[in-house]
Amino acid sequence: MALLQIRNVTRRFGDFVAVNDVSLSVEAGEFFCLLGPSGCGKTTLLRMIAGFDAPDGGTITLDGLAMVGIPPEARNIHTVFQSYALFPHMSVAENIAFPLRMAKVAPAEVAARVGEALKGVSLAGLGGRYPNELSGGQRQRVAVARALINRPKLLLLDEPLAALDAKLKEHMQLELVTLQKEVGIAFIYVTHDQQEALALAHRMAVMNHGRVEQVDEPSKIYGCPRNRFVADFIGTCNILDAQVLGVEDDCVRLRIAGLGDVRALGTDHVQPGVKGALALRPEQVAIGLQLGPNPNENHFSGQVFDSLYLGDVTVYVVELGNGSRIEAMLPNSAPGRVKVFEAGDAVEIGWRVDAGRFLAD
Amino acid sequence: MGTIRTSKWLIAGPPLVYLLLLFAIPTLIMLVASFRQPGQFGGLAPLISGPTGAEQVNLTFDNYARFFGSFLYAELFITSLVYALITTVICLIMAYPLALLIARSPKRHRDLLVLLVILPFWSNFLIRVYAWIIILGPQSLLVSGLNLAIGVLGLEPVRILYTPAAVVIGLVYVHLPFMVLPLYANLEKHDPGLLDAAQDLGAGVWQRFWQVTFPLSMPGVYAGAALVFIPAFGIFAVPDLLGGTGSSMIGNVIKQQFLDSRDWPFGSVLSMVLTAVAVTLAGVAAWFARRSRS
């Protein structure tokens with residue numbers, strides 16, 4: 001049985017439904033990400049798991065115990081807040097010792113465990129400092145050490161790296177992953193940064209407008225988005241309105257208005273006439289002056305409209321005959337690359353039939 | 001460079017002038033007066049007297065000798081300190097929940113609640129103290145009701161007016177807003193996220209108060225304590241009106257020296273000692289406040 005079970009949880013604020021009939025489960029030892037744009041309900045859901053807010057309907061159970069009605073201080077769940085919420089009048093060591101003191105742990109044991117925790121987050125020797133004497137990354141470590149010291153069953157992290165600069169953020173992400181593996185405590189990590197979620201999570205839930213759109217492993221979310229929102233929100237994606245013309249053995253034939261017919265992977269139960277979108281990742285789109293004909297590929301010719309040099313890759317925006325645009329991505333390290341396309345160049349693009357996915361609306 | 005210095009002085013100048021005119025110079029006048037001799041009909045004897053050529057400067061340590069020569073005055077200071085201390089503690093206990101309530105109310109209600117706290121300032125201080133003579137008098141509903149109740153229990157009726165209890169009630173009433181306002185100003189700035197964090201980490205409601213809210217409010221506590229303690233220490237109107245013969249404070253004696261005994265120099269000595277004690281205590285409070293903040 002899962003460590004945390006969320007069943008049909010709903011939370012309304014007046015007419016606004018912040019969390020709408022959400023069901024999720026998180027396993028022991030799992031690194032789980034809640035991803036979604038701001039206002040999607042992920043923070044409200046987190047506050048309900050922590051106990052600061054109560055659902056209007058549905059149940060939350062931790063280890064089989066119903067959580068609704070139990071106050072935050074009595075839950076075996078700790079939170080790392082976005083602002084860290086370190087106590088400014090307590091030293092680093094006192095901050096980390098706080099949960100132990102609240103649990104009435106003997107002072108000698110508190111001292112020993114705080115010392116260990118400080119070492120664990122590489123802050124040994126900084127126990128006497130005050131929060132305002134620490135850097136952003138150090139504060140973040142103190143907040144994590146404090147939340148983990150009395151080994152909760154579940155750790156909630158509310159955008160804990162949002163305040164850090166990009167370089168430090170990446171470093172802290174690696175630290176968090178290592179730490180989570182070491183302590184083996186389940187993490188629920190809330191973020192609006194899809195790259196962060198893809199990098200950290202064992203599994204992730206994509207939320208929008210209070211609903212969970214998809215729950216899966218990051219590679220599945222990225223590779224097989226279930227709907228238009230997920231495809232668009234995670235990574236970059238070419239999304240073209242399409243209608244199903246016919247269903248074949250292992251693919252569907254689609255009509256894309258103004259462009260023509262393509263073949264793509266379909267989801268189950270797709271009927272001819274269904275409307276939806278073709279989702280196509282730029283890195284799956286081949287681009288060249290001339291692409292050899294291939295029966296397993298969709299094939300179009302167009303003109304380079306614009307290009308975006310990103311260092312490791314370059315994204316080319318190719319305008320097709322009818323004015324619709326498709327992004328294609330080429331790694332700049334590709335061997336034998338001699339030609340960098342310029343705007344206005346006539347090019348051909350193509351993608352394997354199984355690279356495109358049809359997403360029914 | 002020069003203009004920056006000039007404008008700095010323009011900004012700092014007026015307050016410095018007030019401080020000099022309204023604080024430093026009067027204190028200096030008082031200090032000199034404390035070494036002078038009383039005039040025959042009140043006031044001060046001339047600083048320089050005697051025939052031309054044989055003038056003498058009339059300065060003396062007698063006034064200080066009189067103060068330090070008798071335990072009576074030290075006792076008055078101690079009594080006043082005890083009154084001021086009791087007042088400060090009661091004010092703190094009464095003001096804290098009120099300040100916390102205001103600070104935690106919805107933002108749109110806070111201004112109204114603060115207004116209610118300072119509302120009494122709109123009527124005259126003496127009139128408000130006079131009102132307590134009626135409230136605490138033996139015929140008042142409060143006291144007669146109280147005596148009726150304890151009479152049922154078979155106890156002797158009590159008197160409140162003209163007792164030390166009445167003085168404490170009056171002192172607390174007068175000074176309460178000076179405790180509420182600095183406490184509120186401090187508590188209002190607290191980050192509610194800290195309480196969430198404390199609760200999340202296992203702190204119950206009392207632990208959240210004693211571990212987070214109270215220690216963080218110490219600067220407000222010290223500010224409020226100083227604003228209550230120092231004026232309560234030197235006050236004379238409240239013990240004059242509400243206290244009996246046995247509940248005089250040092251302020252009463254200073255007033256008597258100036259108005260009744262017409263001994264200005266000795267009144268000045270008492271004032272100087274009062275100022276010195278108050279400044280010392282304020283310094284101690286400020287030191288504690290600084291330490292609690294770092």
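A crossing is left-handed if the near helix is turned anticlockwise from the far one by less than a right angle, and right-handed if clockwise. The model is predicted: local features need pLDDT of at least 70, side-chain atom pairs count only at pLDDT 80 or more, and totals for chains, interfaces and linings use all residues. Residues are numbered from 1 along each chain as its sequence is written, with chains lettered from A and ligands numbered from 1 in the order in which they are written.

**View 1. Helices H5 and H7 of chain B cross in a right-handed way.** H5(B) covers residues 125-136 and H7(B) residues 164-187. Their axes, lines fitted to C-alpha atoms over the stretch in contact, lie 11 Å apart at an angle of about 135 degrees.

**View 2. Residues of H5(B) meet residues of H7(B).** H5(B) supplies B:Val129, B:Trp132 and B:Leu136. H7(B) supplies B:Ala166, B:Ile169, B:Gly170, B:Tyr173 and B:Val174. Contact means C-beta atoms, placed from the backbone, within 7 Å. Seven of these residues are nonpolar, one is polar and none is charged. Ala, Val, Leu, Ile, Met, Phe, Trp, Tyr, Cys and Pro count as nonpolar, Asp, Glu, Lys and Arg as charged, and the others, Gly among them, as polar.

**View 3. Chain B has 13 helices and two strands.** Both are DSSP runs, numbered from the N terminus: helices (H or I) of at least four residues, strands (E) of at least two. The C-alpha trace spans about 85 × 75 × 35 Å along its principal axes.

Definitions and conventions. Axes fitted to C-alpha atoms, helices over the stretch in contact; angles between N-to-C directions. Contact = placed C-beta atoms within 7 Å.
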